[in-house]
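Dear colleague,

Please look through it before turning to my notes.

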Amino acid sequence: MLYTHATIITVNPAREIILDGALLVRGNLIAAVGKTQTLKADYPHEEETDLTGRIVIPGLISTHVHTAQSLIRGAADDLELVSWLCERVWVLQGNYTEEDSKAAVRLSIAEMLKTGTTCFLESMFADRYNFDNLCLAVQESGIRGCLGKIVMDIAQYADNPKWSLHPGLVETREMSLLGAMKMWEKWDRAANDRIRVWFAPRTPGGVSDDLYKEMSALSRAHGIPITMHCAEVKADRVFFASVGHTPMSYCEEVGLLGPKTVLVHMVHLDDADIAKLAETKTHVAHCPTSNAKLASGICRVPDLQKAGVNVGLGTDGAPCNNSNDLMQEMKLAAIIHKAVSYDPTAVPAENVLEMATINGAKALGLEDSIGSLEVGKKADFVAVDVRSVGMQPWFSPVSAVVYSATGRDVDMVVVDGKILVKGGKLLTMDEEEIIMEAEKRSKEVVSRAGLADAVKGSWPIL
């Protein structure tokens with residue numbers, strides 16, 4: 001298939017942008033990239049898809065997602081963190097059935113695909129949700145997924161009873177770590193290598209040192225990557241100090257740092273932590289909407305980047321973002337650091353698009369196959385429609401994508417060479433059925449948790 005007449009942001013090493021560009025896809029790979037006139041002349045008999053009026057970008061890569069949480073979107077707004085977790089999110093998730101989780105996962109994946117995310121890193125998928133169903137949904141939909149199974153053995157946070165998990169979410173070493181190994185053996189590199197299985201331990205204070213060390217040893221022995229929330233809130237630094245550490249000295253002590261680890265949020269770091277991340281080539285997933293909405297703080301992204309730390313972008317979960325739209329996340333990531341630094345040049349649009357594409361690919365260890373539009377890489381790309389009042393006029397295509405576009409402007413999504421979204425419509429999943437099932441099951445979860453009145457908000461509903 002020859003995709004023609006698009007403005008193509010390649011994110012290749014030269015960061016070339018091709019006007020009136022074309023992409024040739026053979027199987028699941030990009031076979032040629034260049035000017036439309038040249039490729040049409042070189043491949044005159046190739047079937048053609050005209051993308052006039054679209055900007056084509058590499059498929060977006062979300063480095064932090066909780067797919068099971070979409071079913072409780074908007075059910076925990078405007079709460080401080082302890083109440084948010086212990087009175088809402090954990091209670092709701094602890095009342096999920098497997099079928100609830102399946103509906104949530106399918107809703108998340110559908111939203112991600114329709115808004116331009118072609119690959120995602122799932123964090124902390126619980127045993128009660130049924131990991132098989134997560135993998136089956138990835139397989140069915142055509143998306144690319146790095147899927148983190150939760151690892152834990154402590155039901156509280158730092159022995160503080162006010163931070164207790166709901167009983168429905170508590171797992172043992174055998175259930176979590178050994179369960180993750182079983183899922184890795186069963187699913188890793190399945191679905192034409194679109195599935196990768198990761199370890200996703202709870203944040204420090206929710207996992208014993210011994211279990212971290214055991215998991216880290218298995219990670220090194222089998223090449224299984226790790227993703228973990230870390231230094232998200234001020235309480236995390238208090239915990240690390242209580243055991244005689246900074247965030248990164250603790251992570252190094254238990255074997256978590258390295259090029260196969262993605263640490264999430266990373267808001268409360270000192271200069272030594274940043275230096276250690278750079279030294280160990282550990283990656284960071286930046287989630288600005290979640291951090292802002294929960295009043296966690298703002299990650300020191302400009303300092304991390306200056307130190308040479310690779311930073312990707314994530315949406316986090318629906319209760320702390322209310323969206324899985326990485327297009328919207330790009331805009332906030334570009335703006336928020338300007339506001340706090342009083343520097344309008346901080347984290348420019350080009351930098352943010354890198355975070356959402358090639359940097360995300362590097363974080364997932366997939367930079368040789370995705371993250372940019374180059375010959376020999378997987379055909380994962382997104383066409384953004386600029387033929388609308390909200391997208392006109394535009395001068396810089398990168399600026400248009402980062403500052404003007406949202407997921408609703410996504411016209412086409414291709415993953416592994418297959419068209420999954422066309423004309424804004426999802427082709428591989430029944431969108432209407434997904435919506436109906438999510439609406440039904442979300443109400444059942446809220447009712448089962450006894451929170452039907454609490455989630456309605458503060459204004460009277462007549």
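Below are some notes on the nonpolar cores, on one pair of helices and on the aromatic rings.

Please keep in mind that this is a predicted model. Its largest nonpolar core has 125 residues, and those with the most contacts inside it are Ile109 and Met330; helix H2 (residues 81-93) gives the most to this core, with nine residues. Leaving aside neighbours within four places in sequence, Ile109 is in contact with Phe120, Ala137, Val138, Ser141, Ile143 and Met429. Another core, of 15 residues, lies apart from the largest one, and among its members are Ala6, Phe381, Met412 and Val414.

Turning to the helices, the axes of H14 (residues 326-341) and H17 (residues 397-404) come within 7 Å and cross at roughly 95°, and the two helices are therefore roughly perpendicular to each other. On the H14 side the contact is made by Met327, Met330, Lys331, Ala334, Ile335 and Lys338, and on the H17 side by Val401, Val402 and Tyr403. By class, this contact has seven nonpolar and two charged residues, with no polar ones.

As for the aromatic rings, the structure holds eight pairs. The ring centres of Phe125 and Tyr129 are 5.1 Å apart with their planes at 75°, so this pair is edge-to-face, and both residues are buried. Phe240 and Tyr250, by comparison, have ring centres 5.6 Å apart and planes at 50°, so their pair is tilted; Phe240 is in helix H8 (residues 234-242) and Tyr250 in helix H9 (residues 247-253). Finally, Tyr96, Phe125, Tyr129 and Phe131 form one aromatic cluster.

With best wishes

Key:
Residues are numbered from 1 along each chain as its sequence is written. This is a predicted model: local features need pLDDT of at least 70, side-chain atom pairs count only at pLDDT 80 or more; totals for chains, interfaces and linings use all residues. Side-chain values use heavy atoms; hydrogens and water are left out. A nonpolar core is a set of buried Ala, Val, Leu, Ile, Met, Phe, Trp, Tyr and Cys residues joined through side-chain atoms within 4.5 Å. Buried means under 20% relative accessible area, exposed over 50%, partly exposed in between (1.4 Å probe, protein chains only). Helices (H or I, at least four residues) and strands (E, at least two) are DSSP runs, numbered from the N terminus. Contact means heavy atoms within 4.5 Å. Axes are lines fitted to C-alpha atoms, for helices over the stretch in contact, and angles run from 0 to 180 degrees between N-to-C directions. Angles under 35 degrees count as roughly parallel, over 145 as roughly antiparallel, 65 to 115 as roughly perpendicular and the rest as oblique. Ala, Val, Leu, Ile, Met, Phe, Trp, Tyr, Cys and Pro count as nonpolar, Asp, Glu, Lys and Arg as charged, and the others, Gly among them, as polar. Rings of Phe, Tyr and Trp (its six-membered ring) pair if their centres lie within 6.5 Å; planes under 30 degrees apart count as stacked, over 60 as edge-to-face and the rest as tilted.
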